[in-house]
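Here are some quick notes to go with the model you sent over. Have it open while you read.

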Amino acid sequence: MSALSKTQVTRKHVIETAGGVVASQHRQAAEAGAAVLRAGGDAVDAAVATSFVVGVLEPWMSGPAGGGAAIHWRADTGEAVAINFGMRSPKGLDVANYPLSGDGKAGDLFPWERVVDDRNVEGATAIAVPGTVDGIGQAHARWGKMPWADLLEPAIAHAKEGMLVDWYAALLIASTARNLARDPDAAALFLDDGIWPKGSGWTAVPDNRLDQSRMADSLSHIAQSGARGFYEGDLAQAMAHDVQDKGGYLSAEDLAGYKAWMGAAQPVSYRDAQFHVMPGLTAGPTFARVMEQLEGADLSTPAATYVAYARALDRAYAERLGKMGDDGEVPEAPGCTTHFSVVDRDGNMVTHTQTLLSIFGSRVVSPATGFLMNNGIMWFDPEQGRPNSLAPNKACLMNVCPVLGSVGDKRFALGASGGRKIVSAVSQMASFMVDGKMDVEQAFHTPRIDMSGGDQIIADETLPPEVLSALAEEKPTSTTRRTVSPYAFACPAGVMRKGDMNSGCTEIMSPWGDAISEDDL
């Protein structure tokens, strides 16, 4: 039984405003995006600023050296445009260098067979070709109104100052300190004396900051040279050199050849609502399958509704596991994804998910650039002959699930971090807003379940007893609290536009997350 308080209540206040809103897992990133909206920027401009700031202030979650996906809603044309900036395996990757160890399942996000020395999980051999910068660069080139360099200034300023290591940051650093110590450059950035996690005393006012000056220099270079400055020229050469010096495969040719995919989002009709999701090797098709099954389900009572959620998620994930190669379940493994959503005063929207994959990615820092590198190679099954088997120059299968939705006079942009838990969270919240006719505040404060593969339902213990009983009759059910750490139910962020009024919210247990309006500044 949990030792946590049963009387403590956590809520987040939600306001409605005619101004633009940014909902991010880090408040200061949301403030940077909201400031762009206040200055007259488009939702895309705000997304650029938010993306780079969150990469500085949540460096273990995402950053320029990661990947992800986003969907953009253009209010003037009624277009939903998807951008897949997922990572790819390097062209020179040698599959023979990832032999199976025979020691059982790997211990991180995916239960693939363990590879010798965990080469697909940690270290330079786990690094894939990053896509984030090209993805947001393409969006800005198509729709941006403000100068690219101006939009990177907030991130550069934060990097020059250095991220403040408060209690939450210290907790996350401590959780991976042993792994970070294996890379001298990661240890220099995140640890003291190469061993001890940075942080402040229990009762002290936090004043310890990361030295992100090298990252600031790299961001300044990208600001002046444009998004392709990450992939071509001196910065790209230096990054590739660093990774190869540490035994990885990333090359300057890989970086120069990277291009994010942009195309139509996949439409998904549901009752009287319309969704748009990511096509391809993402969780978008899984979300679509969940909603397809919910369409004919009994949602007449809370118990029937949550049982329907469990059944739809179970079936959709079984199909995903069988056809897309993501097999098994490791519910306790921490993810390092972040999500933010934006709506501007004109109704343009962005739902954007970016990630390094595992917490602290590969646990390798490129010393020349200051960037923490991804471990996208772990997205591949190291066993050959499967749908998602590891190979050179291949797109990674992602769990990201940014979603746009509309019903009646409401339009919303949703997404979440949390690895395999993302689809459970996003699909239920979409149903809350459509079937339950909830606004953002209600949806984010309503308890959820997680059913992301395997034979067990994880249920919020604050659900009514009759709901928990009905779930237990369906499948073995374990109850837990929503907590700051670990996140049992993914960590969503979303915005909504109802008529001409905007609102937003983030996971109520996230200590850093907030929705910021341009009117708040």
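Predicted model: local features only at pLDDT ≥ 70, side-chain atom pairs only at ≥ 80, totals over all residues.

1. The largest nonpolar core has 84 residues, and the ones touching the most other members are Phe52, Trp60, Phe190 and Phe371. Helix H2, residues 43–57, is the top contributor to this core, giving eleven residues.

2. Phe190 is worth a click. Leaving out residues up to four places away in sequence, its contacts include Trp60 and Pro59, plus Ile173, Leu180 and Leu210. Phe360, Val365 and Leu372 are on the list too, as are Pro197 and Lys198.

3. There's also a second, separate core, this one with 53 residues. Among its members are Phe287, Tyr317, Phe432 and Ala490.

4. Now look at Ala29, in helix H1 (residues 27–38). Buried or exposed? Ala29 is buried, because its relative accessible area is 0%, below the 20% cut-off. Again skipping residues up to four places away in sequence, Ala29 touches Ser24, Thr50, Val53 and Val54.

5. Last, the helix pair. H11 (residues 284–295) and H13 (residues 422–434) have axes that come within 10 Å and cross at roughly 45°, so the two count as oblique to each other. The crossing is right-handed. On the H11 side the contact uses Thr286, Phe287, Val290, Met291 and Leu294, and H13 answers with Val423, Val426, Ser427, Ala430 and Ser431. By class that makes seven nonpolar residues, three polar and no charged ones.

Terms used. Residues numbered from 1 in each chain as written. Heavy atoms only, no water. Axes fitted to C-alpha atoms, helices over the stretch in contact; angles between N-to-C directions. Helix = DSSP H or I, 4+ residues; strand = E, 2+ residues; numbered from the N terminus. Parallel < 35°, antiparallel > 145°, perpendicular 65-115°, else oblique. Left-handed = near helix turned anticlockwise from the far one by under 90°. Contact = heavy atoms within 4.5 Å. Nonpolar A, V, L, I, M, F, W, Y, C, P; charged D, E, K, R; others polar. Core = buried A, V, L, I, M, F, W, Y, C linked by side-chain atoms within 4.5 Å. Buried < 20%, exposed > 50% of the residue type's maximum accessible area, 1.4 Å probe, protein only.
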